[in-house]
Structures are given as C-alpha cells and as structure tokens.
Amino acid sequence: MAEPIRVLLVCRYPLYRLGLRAALGGADAFDEVVDAATGAEALAVAPELEPHVVVVDSNVVGMLLADLLSRLQHACPSARVLVLVSVTDEHVFGEGVPPAAGYLLRECTGEELLAAVCAVHAGEPVAAEDLGPLLLAAYDSMKLTMVSHGEPVREPVQQRELTAREREVLALLALGRRNRDIAQELFIAENTVKNHVRNILDKLVLTSRVEAATYALRHGVTAERPATPGACERRPRAPPPRPGRRRRVALAAQGWRHRDRSGR
C-alpha cells in the first residue's frame, strides 16, 4: 500500500483555502492536509509537518513566490511543489520560473487538483497546457532560474541528436504526459519510457522533465508521426488464401469456377 501523502496548502484567500482542503481532505491518498495563509506561516509549519507536496497559490502574502519556494526547498528538501497560477499571472514569471515540480491553473477542478498532487508526489511533471506560452516566454528570455535542485536552466551546450522515438517521447513530455500515458500512447513498456527519458536528459544536457518539456516547447519538438494511433485505424488486410485443390474440385462440381487474381 502506498504511503499516505502529507500536503501543505499555502493560500491567502480563506474561502479558496477551504475549497482546496475539501478537494483533498476526503481522498484516502492523503494522510494530513495543513493550510497556511502566508509565506511566514508556511515556513513555520513545514519543518514539523515534513510535507510530501506543497501546493502554493502564486499570490503569496509577505514575500515573493520565488523566495518562498527557495526557502521551502531548504526547509523541506524532499517536498515537491505544485504552483497554482492563472494565465494572466505574467508577473509570476517576470523574474524567472519558480522552482516547482508542477504548474496548475488556479481555475482547475477538484479532480484535476487531486490528480496533479498525486502525479507530483510520484515524480511526474505537471504543466497545464494553457500555461505553455508563459513558460516558453520565460525560457526564451533566458530568465528561468531554479526549476529543480536549485540549479539554473541553461541552453544545452553539447547536444547529441535524439532518435525518432526519443523525439516522440519528448513531444509527449511537453504535453505533460506521465510515463504510463506515454507508454500507452506509443505501445511500449513503461520502463522503456523511463530509459528514453533518461537518454533525452543526458543528450540534451538537462536535469529534469520540466526542463525537457520547456525545451521541447521552445524548439518546437513534435513527434515525427502521430503519437496516438486512431482507435479505428485499420491495418491493410492480407488477401484471402486461395482455396486448396480439394475445395476447387468441390466448387467445380457445384458449377462454380474459382478465379484468383492471376485469372487461374
């Protein structure tokens, strides 16, 4: 049985904070859900709680979002951060992308929040598709700061060419797909996907899936063929086998004449 998840919620709005707690509190996957109204409260609670996931609304009270996430990283190195933002929150990325494992729209549903927290806890990246332009703009301006491990993101300097399959995997990473989803869409084993992801990070000199996804967005990496074949896609059918000699004799006896493609 998986270990229950401890979550720290950081949000300045009491009603919204209550809604976040309600969305997560009723799920069996969560052991404890604690909320804080300000950055200072979050930093005071975090060391004792030791949360697995910290859900932070971008409108933090008392300090800059990037400062809070940097301090949380030092206080709880193993915690993964999920940032709630809106498509209108350009100021959040004005000084660089905060050091988070995922970015989710503030307007998300309870089910989407639940899925995102579980995905982040499992080590999967989360990035709402509507936030792609903001992340891409930050990368283009070379203002990405700490995306993971507190290390700056830089342009890959000694890239090695990706295989066609690795490009397909990278394109799906940019869409926020999890390893399991990629495996299903490409009809390969999940462990094979993990190996492809490791190779991608190594070849592009990157350190995280989030960096890889942002790289793909910036460079327009797309799959060389559709990643998900249509459910009704049909393979060419082989021609029906030619009837055997006995069958041909039987047909002839019944007044039928068999002709194959060669006219025999």
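The side chain of Asp57 reaches the backbone nitrogen of Asn59 at 3.0 Å. In this predicted model, local features need pLDDT of at least 70 and side-chain atom pairs count only at pLDDT 80 or more, while totals for chains, interfaces and linings use all residues. Residues are numbered from 1 along each chain as its sequence is written, and side-chain values use heavy atoms, with hydrogens and water left out.

Asp57 also makes a polar contact, side chain to side chain, with Arg106 at 2.7 Å. A polar contact is a pair of N or O atoms within 3.5 Å; within protein, one must be able to donate a hydrogen and the other to accept it, and residues adjacent in sequence count only if both atoms are side-chain atoms. Asp57 belongs to strand β3, residues 53-57; strands (E, at least two residues) and helices (H or I, at least four) are DSSP runs numbered from the N terminus. With 1% relative accessibility, Asp57 is buried, a term for values under 20% relative accessible area, whereas exposed means over 50% and partly exposed lies in between (1.4 Å probe, protein chains only). Not counting residues up to four places away in sequence, Asp57 touches several residues, including Val10, Cys11 and Leu84, where contact means heavy atoms within 4.5 Å.

The next topic is salt bridges. Side chains of opposite charge can pair when their charged atoms come close. The whole structure holds seven salt bridges, each defined as a side-chain nitrogen of Lys or Arg within 4 Å of a carboxyl oxygen of Asp or Glu. One of them joins Asp35 to Arg17, with the closest N and O atoms 3.0 Å apart. Because Asp35 lies in strand β2 (residues 30-36) and Arg17 in helix α1 (residues 14-25), this pair ties together parts that are 18 residues apart in sequence. Arg17, Arg21 and Asp35 are linked in a network of salt bridges.

Another salt bridge joins Glu166 and Lys203 at 2.9 Å, N to O. This pair links helix α6, which holds Glu166, to helix α8, which holds Lys203, across 37 residues. Glu166 is buried at 4% relative accessibility, and Lys203 is buried at 14%.

Helix α8 itself covers residues 190-203. Its buried residues are Val193, His196, Val197, Ile200, Leu201 and Lys203. They cover an arc of only 165° around the axis, which puts them on the same side of α8; the arc is that of the directions from the helix axis to the C-beta atoms. Asn191 and Arg198, on the other side, are exposed. The cover over the buried residues of α8 includes α6, α7 and α9.

Technical notes. Expected span 1.5 Å × (residues − 1).
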